[in-house]
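Trainee: I'm new to this one and would like to learn how to read its charged contacts. Can you walk me through them?

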Amino acid sequence: MSRWKRFLEPSLRPVYQTVMRQARGLTLGVRVAVFDRDGRILLIEHSYTPGWHFPGGGVEKGETVEEAVARELVEEAGVILAGRPRLISMHSNGGNFRGDHVLLYRVDEWEMATATSRGEILRVDWFHPHDLPQAATRGTRARLAEMLDGGPPDLFW
């Protein structure tokens, strides 16, 4: 099933984006850097697009960004917030989807549960920030470096 999603996703993405653009002038998403007590970062691999990413997704109509953070973490990784997430940076994601913006949050206080998403996520794993998997995306690597090495955040994801 996941191979079909990856095969079809590039063809279906323009249709999805056109529909979303008609429904909304701008789109907003969240990504979340979740750290464990050993300093490892939580990354996920989707069934429909290659690479390792921070968990996250779109902010739904009527939902706050913090509600989106909490929902996406439970859905994709089985992580329940035990404190408020901390906003790290804001980015334009226009290179991937015109008009899209991404807010990056950091979470250090959380509890594990069972992920509620079925079929969307292939793998969830923890990695040392300086030993990421080869397939970690450019955006994931860049945001992590900015966060940990103190560089200024790039305005673009």
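Mentor: A salt bridge here is a side-chain nitrogen of Lys or Arg within 4 Å of a carboxyl oxygen of Asp or Glu. The general idea is that side chains of opposite charge can pair when their charged atoms come close. Keep in mind that you're looking at a predicted model.

Trainee: How many salt bridges does the structure hold?

Mentor: It holds 8. Take Arg-123 and Glu-45, whose side chains meet at 2.7 Å, N to O. That pair links distant parts of the chain, with Arg-123 in strand 9 and Glu-45 in strand 2, 78 residues apart.

Trainee: Is Glu-45 buried or exposed?

Mentor: Buried means under 20% relative accessible area. Glu-45 has 9%, so it counts as buried.

Trainee: Which residue meets Arg-40 in a salt bridge?

Mentor: That's Asp-36, with 2.6 Å from N to O. Asp-36 has a relative accessible area of 13%, so it is buried, while Arg-40 is partly exposed at 32%.

Trainee: Where do Arg-143 and Glu-146 lie?

Mentor: Both sit in helix 3 (residues 138–149), 3 residues apart, or about one turn of the helix.

Trainee: Which residues are linked in a network of salt bridges?

Mentor: Look for Arg-71 together with Glu-63, Glu-72 and Glu-75: salt bridges link these residues in a network.

Note on methods
Residues numbered from 1 in each chain as written. Predicted model: local features only at pLDDT ≥ 70, side-chain atom pairs only at ≥ 80, totals over all residues. Heavy atoms only, no water. Buried < 20%, exposed > 50% of the residue type's maximum accessible area, 1.4 Å probe, protein only. Helix = DSSP H or I, 4+ residues; strand = E, 2+ residues; numbered from the N terminus.
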